[in-house]
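This report describes one protein chain, starting with a local feature and then turning to the whole. Please keep the sequence and the structure at hand while reading.

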Amino acid sequence: VTVTDGRRTTLPEYGQVNVPEAEALVEQVAAIVADPAYRGSTLGVVSLLSGSGQAAYLLHRLRDRIGADEMERRALRVGDPYTFQGDERDVVFISTVAASADGDVGAFTKRDFHRRVNVAASRARDQMWLFHSIGVDDLLADDARAKLLTYCLSPRPPDDDDLVAAGVEQRCETELEREVLRQLTIHGLKPVPQYRIGTYRIDFVLAAPDGSRLAIECDGDDYGGPETFAQRLRRQSVLERVGNCVFVRLRASIFGRDPDAAMRGVWERAEQLGITPAAR
């Protein structure tokens, strides 16, 4: 989201704040909260400039705009990238803060800045929204913000190298999961590995347009005994009820013999839920 009139000003109670960018972000959060398609989605808001007052201002405006109760329901967290270290949300909004109108915007070229942007850009399970008042041409080529902005302006489905670079494949815990991930991405889908709902984790989740989730579980051939398998089925029942999930289970032995046949149920369920491949 490009904020054409963005620029930083000094507010006595906050310090340096890009008010137009913050207000655009707050309005988008309010729109998503009101959208049934995002029912139950958790939210996070990240300011890339740790030393500015952007995060504090955003927190204040979000309380005013959507209310403390809604913020609690959405587990809405606001802060700089370090605030989100080790944490995730379904939808994450990022404010770059720096603006072309500011003149000197500094440089995010050191390793620490790249790490900061990488943390911010990897906190979203389903969607990331980037709000910026600065263009790629206003930044150095090796500025971490320029790389993030370039990606957001021309996204493309990930190939195998992208998966490794983004750390997505490393989140898979078994070889079966890695093979299923490749099948899903080759098909043009964008799964979220090791998706968390409460205290539970699901091997892969695909978001449907109506807010439901296609949950894909990869089962090894050794279930660990009847009791363990029964526990998995009870967990599935809970997630179907409270997590708005539709499950497909994949057996390692069937996938090993015929991956196409094993994945057929996934493609059928995805089509039923309106989950379509990303445009290439």
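Through how many residues does a hairpin join β1 to β2?

## The hairpin

The hairpin that joins β1 to β2 runs through three residues. Like everything below, this is read from a predicted model. Strand β1 covers residues 8–11 and strand β2 covers residues 15–18. The two strands pair in the antiparallel sense, over four bridges. Within this pairing, threonine 9 stands opposite valine 17 in β2.

## Overall form

The protein has ten helices and ten strands. Its C-alpha trace spans about 65 × 40 × 30 Å along the principal axes. For 280 residues, a compact globule would have a radius of gyration near 19 Å; the protein has 21 Å, which agrees.

Of the 280 residues, 44% count as buried.

## Surface and charge

The accessible surface comes to about 14,000 Å². Carbon and sulfur atoms account for 49% of this surface.

The protein carries 36 positive and 43 negative charges. The mean position of the positive charges and that of the negative charges are 3 Å apart.

Strand β3 is made up of residues 43–47. Is this strand largely enclosed or open? Five of its five residues are buried, so β3 is largely enclosed by the rest of the structure. In a regular strand, side chains alternate between the two faces of the sheet. In β3 both faces are covered. Leu43, Val45 and Ser47 are buried on one side, and Gly44 and Val46 are buried on the other.

Two strands pair with β3 in the parallel sense: β5 (residues 89–99), over five bridges, and β4 (residues 77–79), over three bridges. Valine 46 takes part in both pairings, standing opposite isoleucine 94 in β5 and opposite glycine 79 in β4.

## Two valines in helices

Valine 26 lies in helix α1, which covers residues 19–34. Why does valine 26 count as buried? Its relative accessibility is 0%, and buried means under 20%. Leaving aside residues up to four places away in sequence, valine 26 touches Leu58, Arg61, Leu62 and Arg65. Arginine 63 is 37 residues from valine 26 in sequence, and their C-alpha atoms are 9.8 Å apart in space.

Valine 238 is placed in helix α8, residues 226–242. With a relative accessible area of 24%, valine 238 is partly exposed, a class that lies between the 20% limit for buried and the 50% limit for exposed. Which residues does valine 238 touch, not counting those up to four places away in sequence? They are Tyr200 and Gly243. Tyrosine 200 is 38 residues from valine 238 along the chain, and the C-alpha atoms of the two are separated by 9.8 Å.

Terms used
Residues numbered from 1 in each chain as written. Predicted model: local features only at pLDDT ≥ 70, side-chain atom pairs only at ≥ 80, totals over all residues. Heavy atoms only, no water. Rg over C-alpha atoms; globule rule 2.2 N^0.38 Å. Buried < 20%, exposed > 50% of the residue type's maximum accessible area, 1.4 Å probe, protein only. Areas by Shrake-Rupley, 256 points an atom, 1.4 Å probe, with all protein chains shown as cover. Lys, Arg positive; Asp, Glu negative; His and termini not counted. Charge placed at Lys NZ, Arg CZ, Asp CG, Glu CD. Pairing = 2+ DSSP bridges. Contact = heavy atoms within 4.5 Å.
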